[in-house]
Amino acid sequence: MSNVKNPPAWLGVMGGGQLGRMFAHAAQSMGYNVAVLEPAADCPAGQAANRLIQAGYSDVAGLDALAAQCVAVTTEFENVPADSLSRLAQSVFVAPNAHGVSVAQDRIAEKAFFVASAAKSGVLPAPHKVIATDADIDAISEDLLPGILKTVRMGYDGKGQVRVKSRDEVRAAFQSMGKVACLLEKMLPLAYEVSVLTARGADGSSVVYPIAENVHRDGILFTTTVPGPNITADCAAKAQHAAQALVAELGYVGVLCIEFFVLADGSLVVNEMAPRPHNSGHYTIDACVTSQFAQQVRAMAGLPLGDVRQHSPAVMLNILGDIWYEGEGDDVREPAWDKVLALPGANLHLYGKEEPRRARKMGHLTFVAPTLAQAQQHLNAACAILGIEP
Ligand code: ATP
Ligand code: MG
């Protein structure tokens, strides 16, 4: 391989959140140095990195410092300005590139990409319509309702979404979102949700992890279970084929996660994609031969992609700031980690965030066990200890 970047070279990451932190851990364990570009002084990735370049995501001096230090740069959140990735790419290898990230960060471009790739991927997104003006609302066809109005940009964890039953509700929701460009999506009868994590190297080779089944609560990922207890072999094969076809169509290099809906009739609908490791892939740290973060390192460094084999059934639980609070008050106390870690197969990952705000992702717990039933049983015990409704 020609473009191999060997340790101890510097790898750069745009963004200072938990995904950047876990990327830094993986890269450093392989002997790389890590530089993080992030405007916040104290951030999860900055605590782990060898160097924090404290700068805005579009700050030219910051970007140039990152490019000068590193042999390759990746991103840990999808709202990194595509122009910044293009600037970096003038002097350093960037994976994923601006094109892949810009498609994933714009719901219109993303849906158009899914539709255009359907012949190859075998999957379609939910029926949808762009809502950019009041006239677009008049033109909504009845069969898109009830639906969900989603902002085209910057949505995450269910933020920037309103469920709407009628044209009047669409009008009110569009108004409440300040009339920014939106997408109206038909509300589909979901049986369950899955995500498919995939990685593609610069040489065009790709790998796909086992299908993860996801449960959301209040719009935020609650648990990920792998192997998914509901998914059929046929549906899993279709989802894995679709994911690999989509990354190939995009000419993508790096780790990418695609979320799918499985409907009551067993059919598969593609929802959205994240151009980076994903919350639903955190289980790979403890349950797979190669974690999603080690895979990100390999892809950007021009190394062979790693074995995606899952060696243990796993259940991941997101740890939100809520569990630091007792009842409705403002008093915080540390959760009983000693009791949780006494449970078999418990792996605790905390992200180093100072302030345990409610609904804020503070960490996650992954339970691995010889059987999925045992992992689930230990997870339920952890929920009881932490005061989480299982
Ligand atoms: P995140 O970034 O956390 O994955 P998001 O805010 O980008 O989420 P989506 O993934 O599009 O938004 O939607 C959040 C959740 O809302 C989905 O996981 C699903 O449970 C539900 N949902 C979204 N679109 C639809 C739909 N068309 N029909 C039914 N449910 C939907
Ligand atoms: Mg989503």
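Let me start with a term: buried means under 20% relative accessible area, exposed means over 50%, and partly exposed lies in between, using a 1.4 Å probe and protein chains only. One more: helices (H or I, at least four residues) and strands (E, at least two) are DSSP runs, numbered from the N terminus.

Now the ground rules. This is a predicted model, where local features need pLDDT of at least 70 and side-chain atom pairs count only at pLDDT 80 or more, while totals for chains, interfaces and linings use all residues. Residues are numbered from 1 along each chain as its sequence is written, chains are lettered from A and ligands numbered from 1 in the order in which they are written, and side-chain values use heavy atoms, with hydrogens and water left out.

Look at helix 3 to begin. It covers residues 60–69, and Gly62, Leu63, Leu66 and Ala67 are buried there. Why do I say they line one face? Because, seen down the axis of helix 3, the buried residues fall within an arc of 135 degrees. That arc is taken from the directions from the helix axis to the C-beta atoms. Here is the background: an α-helix has 3.6 residues a turn, so residues three or four places apart point the same way. Now turn to the other side of helix 3. Ala61 and Ala68 are exposed there.

Helix 3 packs with helix 4 at an angle of about 45 degrees, and their axes are 9 Å apart. The axes are lines fitted to C-alpha atoms, for helices over the stretch in contact, and angles run from 0 to 180 degrees between N-to-C directions. Helix 3 and helix 4 are therefore oblique to each other. The cut-offs: under 35 degrees is roughly parallel, over 145 roughly antiparallel, 65 to 115 roughly perpendicular, and the rest oblique. The crossing of helix 3 past helix 4 is right-handed. That word applies if the near helix is turned clockwise from the far one by less than a right angle; anticlockwise is left-handed.

Who makes that contact? From helix 3, Val60, Leu63, Asp64, Leu66 and Ala67; from helix 4, Ser84, Arg87 and Leu88. By class, the contact of helix 3 with helix 4 has 5 nonpolar, 1 polar and 2 charged residues. For the classes, Ala, Val, Leu, Ile, Met, Phe, Trp, Tyr, Cys and Pro count as nonpolar, Asp, Glu, Lys and Arg as charged, and the others, Gly among them, as polar.

Zoom in on Ser84. It sits in helix 4. Ser84 is buried, at a relative accessible area of 2%. Setting aside neighbours within four places in sequence, Ser84 touches Met14, Tyr57, Ser58 and Leu63.

Next, another helix pair. Helix 1 (residues 18–29) packs with helix 12 (residues 292–300) at about 70 degrees, with axes 8 Å apart. That makes helix 1 roughly perpendicular to helix 12. Helix 1 passes helix 12 in a right-handed crossing. Leu19, Met22, Phe23, Ala26 and Ala27 of helix 1 meet Phe293, Ala294, Gln296, Val297 and Met300 of helix 12. By class, that contact has 9 nonpolar, 1 polar and no charged residues.

Pro277 belongs in this part of the talk. It lies in the loop between strand 15 (268–274) and helix 11 (283–287). Buried or exposed, at 1% relative accessibility? Pro277 counts as buried. Beyond neighbours within four places in sequence, Pro277 is in contact with Leu19, Val255, Gln292, Phe293 and Gln296.

Last, some backbone details. The peptide bond from Pro7 to Pro8 is cis, with omega near 5 degrees. Pro8 is in the segment before strand 1. The bond from Ala95 to Pro96 is also cis, with omega near 0 degrees. Pro96 is in the loop between strand 5 (93–94) and helix 5 (98–104).

Two positive phi values close the list. Lys179 has phi near 55 degrees, a positive value in a residue other than glycine. Lys179 is partly exposed, at 37% relative accessibility. Asp218 has phi near 50 degrees. Asp218 is exposed, with a relative accessible area of 76%.

Note on methods
Contact means heavy atoms within 4.5 Å.
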